[in-house]
Each structure stands twice: as structure tokens, then as C-alpha cells.
Amino acid sequence: STPPQSPVAWSNFITGRNPGGHGMFDFIHRDPQTYQPLSSATRPPSGEPPGSIELFGYTIPLGGDALVNNRGGIAFWDVLQEAGVEVEVYRVPGNYPPTPSQARTLSGMGTVDLRGEYGTYSWYSSKPPPAKKHLKADYELVTVEDTDFDSVPDTVRTSLKGPPDILHLKPGELPGPNDFLMIGLVVHLDPEENVAWLRIDGKDVLLREGEWSDWLEVSFDALPWGLMRFAGIVRFYMKQVRPDFQLYASPVNLAPGDPAQPITTPEDFVETLYQKLGNFYTVGMPEETNALKDGLFDDDDFAKQVKLFQEEDSDRLLDLALSRFERGETTFFYNSDIDLQCHMLWRHGDPRDPDTPRHPAWEEKAAHDHAGDIEGYYERVDGVLGHVRERLPEDTLLVVMSDHGHAAYTRMVHLNAWLRDEGYLVLKDGKQTGHIATEGDVDWGRTRAYGLGFNGLYLNLAGREGQGIVQADQVDPLLEEISRRLLALRDPKNGAQVVLRADLARDVYSGERVADGPDLIVGCL
């Protein structure tokens, strides 16, 4: 897989094509007219935003682009289904929105939450957020009030943020912080025990400190009297009652009992799953990696949430898939344990290789408590595999595969910073960063190349990019020059080679969508 990234590798597997054919080149790509990054699952807008009319204080859009999966090619399950083989596909990455199919599929990695985002959780705390840290959470600074005037603070009044209030936004307008539908959340604290009573959308739940709630079904009304509503499900984790109040709310998942958009094919397949399983995670990455990255979850919190997902969700879904499998059919099931847990917990066991330095995020106590976690997850998946083998008929072909492996990751290079220092990317006067997603930073009239995603380098090509300056006869010499200088780049710390490969897209890709991708694929060691 070039590059060796999950969305690329999974799309190769799904279609049997390389990125030049299926159009998935990275986790993100860009709108060439605006240079703005987009999810690789999303196509750039096809034209001007649709019009709208104002009616009784609401903005009603007139038309607009339907949500379409950016992946091209024909999925293997459609080939099989066409040949008369019944297929079920559970949570394969890169199949959101699910492509139209007669096969029964459930979307996986890439599926958004009810807000249309990739898993934004909420954190309620009486303690101010960490200074100078960009959190991936909706961090709500709350006050514990004394509502019964007994000098004991006992009540938190706040709200849970839902989807954008689309009927008060112009078509194409991005929501601001206050442009979301909200529902009230009240938390009463026991004056003596570390116990909290939560009430939201007419539902009550009692949680001890360190305890998770079950799924709670919530509804956000875009129009009064239930004329337009968005159904979601949410779980709470009572991190701490006192001295600092700390409460976690999961991303509001699309409710499988009433999803606001299709997450299965056929669309009613989700009803079958809901009838058998009840509520389950629908967001593409159920494990709460963001809270761990933010430092609001510790490793124990993360391990507890992973165990909850494994036992109450993934294992039950797998058993359902196995119970539905019959001879002559094909079933695909995605297990996220090794992938995400290695990403998040590898640091505790470093250095696993004597030739590599210790991970920069290594901490002595956490490493002592969690050094064997990775091996534990491998043992667990071995057990799951044994369970699968026991359940399958003896003549069943079983394929076990992974999209990538893991290794130490202790050094990195910022491609745009290198392009800036080498004069290929030019910033406007007074700007210091090289992040092209920051509006106004880059002087496009003097910029010849820019990086986007993990591996992509794009030329600022005239006629393709919105403010392109590189002419057609300059392309080959410029790419050759950049490639040669990247391959010569050395780590100033130890003299090691930084870039292993610099592949021209036209050399490694084939198909009708080669022009949609980067011009150079930069492969770092």
C-alpha cells in the first residue's frame, strides 16, 4: 500500500485497486480551489451552496449535495453478491457513507457522530481546562451550586451539545460555538457519598465515582412539537465527584434504533442489528482515544472504556455475525483491538528494541502498571480467533489480516516546515507557521509546493489549484529537485536518513483518479 496508511490499505483491499483507481490517497485530501483539508471520505463541494428560503424564523435549504462516499471502484462484496454469494460486512474501515449495495453492511471507521464530527466528547469540570492545550473535547467549566442553602454544593446545571442547528444556518455556513442544538443536563451530588444522580431528556441514572452509565437515548429538536428531531445515544462516566467535579459524556452516537442518516445497507439492516443488540456504538472509532490524548482520561480510565466496548459491543456483534453465517456465504468482521490499543499504549513498553530510544511520552508509574497491556490485547484477540474457529464449519476458509504493524515512533519531520525553510512554501509577512489549514498564513502567489496529510506533497499547479503558479513545463524539474533534496535530508540529532522514498504519483498509481492525488508521496523512515 502506497502510502502504508489505513484508509489507503483498506480501500485497496475493498476494491482490488490502487489509489489511482479508488481515489483514497491519505486520511485527508484537499479542495484544490480553496486549499482547505477535507476528510478523505468526503468529496469537494460540486459548486455554489444551494439557495434557501426564510420561513417563520427558520432557514430552509433548497437542495444541496447528498453525502457520497469518496471511494471509487467496486467493493468485493458487490462482486460476490452479484455472483449469488450472500455477504455481510461489519465495520470495515472506509465504508462511510456506506456505498449502495445489496450486501448487508454496517459502516465502520470514518462514521461520524450525531454532530457530523469524528467523535467529539464532552467534559464537564469545576476545574479550568489545562492552559495552552488544544483539547479535542467540548470542555464545559461548570459550577457546583448550593441549591438547598445548606452550605454544601450539590448541583450542576449544564447542557449536552447535539447536532448543528441547521435551520438557523445559511446553506454552506459552518456552525459557531452557539449554533448547535442543546438539551439540559442536571447532576445532583450526594452530600456524603461519592455518588451522582444525572437527569437528561427525562431520563435518570445513578453513578458512583468511576462508574459508567448504560446507553441513554436522547433527542434534539430542530423544530417544535417533534416535527424534526435528531435521535442519539450517549454514555456518561463519573470520573470524579469531589473535590473537583469531573464528568465525561461520550460523543453523541447516531441512534441505531432511529439513525439520522444511513449507516447500513440496505438501510433497514440496522433495524435487524438493533432488535438483536439494542443500542451499540455507531461512531467510527468507539475507543475513547481523544480523552486519553488530552490527558483527561488516564490509562486506567481508557482500559476500562475499552473493556466496556469489547464485552458489551464488539463481542456481542461478533457472536451475532457468527450466528447468521451459513455455508457458502461470506462474512467480514473488523476487530479494532490491536490497531488502536497499540497506537495508544505502545509507549509503556518502550524500548522494545534496544536500538531505539525510549518513547517521549513514557512515564515511569504508568509504564510499570501497563507495560504488558499490548501483549494482553494480543492474547485476547488470540482468544477471539479461537472462538471464531470453534464456531465455523470445518470446511470454511478463514482469512486473518491486518492493515499495518507497529514499531517505535520517537522522531518526526514537519514537511511544510521543511518546504518553508527550503523556499518552496512562502508565508505572508509576519506569519510564523507552515500550517496551510490556517486561513491566511500562506502566500500562494509565491508558493510552489505544500504538504497535506501524512505523506502527500502537492505542487501549487496553475489551472488546478485556486491560486496556482507552477507551469506545466516546470513540473518535472521541480519534482525531481524536491525529491532529490528530500532523500538527502538528514536528522540533525543523529545524522540518520529521514526520507526513505519519494514516489512520483504517476509512477506508482494507475487509474482514472491519479490526478486527484498528491504529486509526490513522501515516505519517511
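Tyr-124 stands opposite Leu-247 in strand E16. Strands here are DSSP runs of at least two residues (E), helices are runs of at least four (H or I), and both are numbered from the N terminus. Two strands count as paired if DSSP finds at least two bridges between them.

Before I go on, please note that this is a predicted model, in which local features need pLDDT of at least 70 and side-chain atom pairs count only at pLDDT 80 or more, while totals for chains, interfaces and linings use all residues. Residues are numbered from 1 along each chain as its sequence is written, and side-chain values use heavy atoms, with hydrogens and water left out.

E7 and E16 belong to an open sheet of four strands, in the order E8-E7-E16-E15, with mixed pairing. At its edges are strand E8 (137-141) and strand E15 (236-240), each of which pairs on one side only. On average, neighbouring strands of this sheet are turned by 20° against each other, direction ignored; the axes behind that angle are lines fitted to C-alpha atoms, for helices over the stretch in contact, and angles run from 0 to 180 degrees between N-to-C directions.

Is Asn-290 buried or exposed? Asn-290 is buried, with a relative accessible area of 15%; buried means under 20%, exposed over 50%, and partly exposed in between, for a 1.4 Å probe and protein chains only. Not counting residues up to four places away in sequence, Asn-290 touches Gly-119, Tyr-121 and Lys-136, where contact means heavy atoms within 4.5 Å. A polar atom of the Asn-290 side chain lies 3.4 Å from the backbone oxygen of Gly-119. A polar contact is a pair of N or O atoms within 3.5 Å; within protein, one must be able to donate a hydrogen and the other to accept it, and residues adjacent in sequence count only if both atoms are side-chain atoms.

Now to two helices. In helix H4 (residues 269-277), the buried residues are Phe-269, Val-270, Leu-273 and Leu-277. Seen down the axis of H4, these residues fall within an arc of 100°, so they line one face of the helix; the arc is that of the directions from the helix axis to the C-beta atoms. Their cover includes strand E5 (87-92), strand E6 (104-107), strand E18 (264-265) and helix H6 (299-324). Gly-278, with a positive phi near 75°, follows H4.

Helix H11 (residues 475-487) buries Val-475, Leu-478, Leu-479, Ile-482, Ser-483 and Leu-486. Down the axis of H11, the buried residues fall within an arc of 130°, so they too line one face. Among the elements that cover them are helix H10 (415-421) and strand E22 (499-504).

The loop between H11 and E22 holds Asp-491, which counts as buried at 11% relative accessibility. The Asp-491 side chain reaches the backbone nitrogen of Lys-493 at 2.8 Å. Leaving aside neighbours within four places in sequence, Asp-491 is in contact with Arg-411, Ala-496 and Val-498.

Finally, strand E9 (residues 155-164) is mostly covered, with eight of its 10 residues buried. E9 runs antiparallel to strand E10 (residues 180-189), and eight bridges join the two. Within that pairing, Val-156 has Val-187 of E10 as its bridge partner.
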